[in-house]
Amino acid sequence: MCDVFIMPEYRGAGLGRWLMSRWLEQPLMSASRRIMLLATYAPWLYEKMGYEQINKRNVVWSISGADIYLESGPGNKNLLAH
């Protein structure tokens with residue numbers, strides 16, 4: 001996904017958080033080793049969603065999935081291990 005934003009008149013209603021939550025809940029996202037985000041706006045939102053700064057302040061963010069390539073077992077939802 002790229003160039004997604006909330007129009008100014010709709011900001012503050014929780015739409016950005018809702019959108020990011022729905023996107024991160026998609027099954028393919030749990031099979032991703034790393035999710036990258038390049039943004040200069042709303043750093044508080046990215047932190048709430050689990051992103052960590054990896055470069056210049058408030059520009060490059062990521063979520064790293066630990067152990068996504070392990071064998072599947074009870075409770076493991078790893079799509080790549082099936």
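Which strand pairs with β3 over two bridges, and in what sense, parallel or antiparallel?

Author: Keep in mind that this model is predicted. The strand you ask about is β2, residues 52-53. Strand β2 and β3 run antiparallel and share two bridges. Take Glu-52 as an example: its bridge partner in β3 is Ser-62.

Strand β3 covers residues 60-64. It also pairs with β1, residues 34-38. That pairing is antiparallel too, over five bridges. Here Leu-37 has Trp-61 of β3 as its bridge partner.

Helix α1 gives the most, with six residues. What is the lining like by class? It has 21 nonpolar residues, three polar ones and four charged ones.

One last stop is the salt bridge. The count comes to one. Its partners are Glu-25 and Arg-22, with their closest N and O atoms 3.0 Å apart. The cut-off is 4 Å, so this pair qualifies. How open are the two residues? Glu-25 is exposed, because its relative accessible area is 52% and exposed means over 50%. Arg-22 has a relative accessible area of 34%, so it counts as partly exposed.

Terms used: Residues numbered from 1 in each chain as written. Predicted model: local features only at pLDDT ≥ 70, side-chain atom pairs only at ≥ 80, totals over all residues. Heavy atoms only, no water. Pairing = 2+ DSSP bridges. Helix = DSSP H or I, 4+ residues; strand = E, 2+ residues; numbered from the N terminus. Salt bridge = Lys/Arg side-chain N within 4 Å of Asp/Glu carboxyl O. Buried < 20%, exposed > 50% of the residue type's maximum accessible area, 1.4 Å probe, protein only. Nonpolar A, V, L, I, M, F, W, Y, C, P; charged D, E, K, R; others polar.
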